[in-house]
Amino acid sequence: MTTHAATQPPKRVQKLKGKPWKAQARASRGVRKHLDAQHQVTPHFTWAEFACQDAQKTPVPPNLRANTIRLCWLLEKLRHQLGDVAISIDSGYRTPAHNRQVGGAADSRHTHGDAADFFVAQVDRWIAQGTAADRTAVLGMANRIFAGGGVGNETSGTLHVDARGWKARFITWVAAR
C-alpha cells in the first residue's frame with residue numbers, strides 16, 4: 001500500500017488546473033504532466049472512469065488516449081457551462097466486443113475512445129443543481145461545445161456527446177423538464 005501524498009504542482013500549474021475550461025490549461029505541458037502523474041485525463045475526469053464496463057474493466061488503449069483527452073477537455077467546458085456541477089461518465093470507452101454486447105452502433109464512437117453517455121437521472125441532477133433551466137438548455141450547451149462532434153440523445157433521455165471531429169446530430173428528446 002502506498003502512503004505518499006499526491007505531489008503539489010507548481011503554482012502556475014495549480015492556477016491553470018483550476019480553470020480547465022480555458023485553452024491555456026489544455027495547452028500546458030505542465031498541466032498534462034501533472035494530470036498524467038495523477039492518472040487523470042483532465043482535472044475532473046480520471047482514466048479509471050473511462051475504462052470499459054466489461055468484466056475486465058479494459059482501459060482505454062494507448063492508441064486511443066488522445067481521443068479521450070480531446071473529449072475530456074470539451075467535457076470540462078460543459079461542466080463549467082452547467083455551473084461547475086459534478087459530471088460522472090455513465091458510459092465511456094467500449095471494446096468492440098462489449099459494444100456489440102450492449103447493442104451499440106456498428107462503428108460507435110465509444111470504440112474510438114472519444115464518446116461519453118450520461119443517463120437521464122444525471123442530466124436531471126445537472127438541471128436541479130446547475131445553471132441549465134431544462135433538458136433543452138443542456139442540449140443547447142452540448143450543441144455549442146461539441147459543434148465539431150456528435151451530440152445525441154435517446155428517447156430514454158440519455159445524452160451522448162463525442163469528439164469525432166465532424167458535426168453529427170441524432171434523435172432529439174422531447175424536453176420533459
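## The nonpolar core

In this predicted model, the largest nonpolar core of the protein chain holds 40 residues, and those with the most contacts inside it are Phe50, Leu75, Leu82, Phe118, Trp126, Leu159 and Val161. At least two residues of this core come from each of the helices α1 (11-17), α3 (29-37), α4 (47-50), α5 (65-81), α7 (120-129) and α8 (135-145), and likewise from each of the strands β3 (115-118) and β5 (159-162). Helix α5 gives the most to the core, with 7 residues.

## Overall architecture

The secondary structure of the protein chain comprises 8 helices and 6 strands, and along the sequence these elements follow the order α-α-α-β-β-α-α-α-β-α-α-β-β-β. The radius of gyration is 16 Å, close to the 16 Å that the globule rule gives for 177 residues, so the chain is as compact as a globular protein of that length. Along its principal axes, the C-alpha trace spans about 45 × 40 × 30 Å.

Of the 177 residues, 47% count as buried, and among contacts with a separation of 6 or more, 54% are accounted for by residues 24 or more positions apart. The accessible surface comes to about 9,300 Å², and carbon and sulfur atoms account for 54% of that area. The chain carries 25 positive and 13 negative charges, and the mean positions of these two sets are 9 Å apart.

## Helix α7 and Trp126

In helix α7 the buried residues are Gln122, Val123, Asp124, Trp126 and Ile127, and the buried residues of this helix pack against strand β3, helix α8 and strand β5. Trp126, which is also one of the residues with the most contacts inside the core, touches Leu82, Val85, Ala86, Ile87, Phe118, Thr131, Val138 and Leu159, when residues up to four places away in sequence are not counted.

## Val161 in strand β5

Val161 lies in strand β5 and has a relative accessible area of 0%, which is under the 20% cut-off, so Val161 counts as buried. When neighbours within four places in sequence are left aside, Val161 is in contact with Leu71, Leu75, Asp114, Ala115, Ala116, Phe118, Ala142, Phe146 and Gly150. Val161 and Ile145 are separated by 16 residues in sequence, and their C-alpha atoms are 9.6 Å apart in space.

With a relative accessibility of 17%, which falls under 20%, Asn67 counts as buried. Leaving aside neighbours within four places in sequence, the contacts of Asn67 are with His112, Gly113 and Asp114.

## Loop residues with positive phi

His39, which is not a glycine, has a positive phi of about 60°; His39 lies in the loop between α3 and β1 (40-42), and with a relative accessible area of 59%, over the 50% cut-off, His39 is exposed. Lys57 is likewise not a glycine and has a positive phi, in this case of about 50°, and its place is in the loop between α4 and α5.

Technical notes: Residues numbered from 1 in each chain as written. Predicted model: local features only at pLDDT ≥ 70, side-chain atom pairs only at ≥ 80, totals over all residues. Heavy atoms only, no water. Helix = DSSP H or I, 4+ residues; strand = E, 2+ residues; numbered from the N terminus. Rg over C-alpha atoms; globule rule 2.2 N^0.38 Å. Buried < 20%, exposed > 50% of the residue type's maximum accessible area, 1.4 Å probe, protein only. Contact = heavy atoms within 4.5 Å. Areas by Shrake-Rupley, 256 points an atom, 1.4 Å probe, with all protein chains shown as cover. Lys, Arg positive; Asp, Glu negative; His and termini not counted. Charge placed at Lys NZ, Arg CZ, Asp CG, Glu CD. Core = buried A, V, L, I, M, F, W, Y, C linked by side-chain atoms within 4.5 Å.
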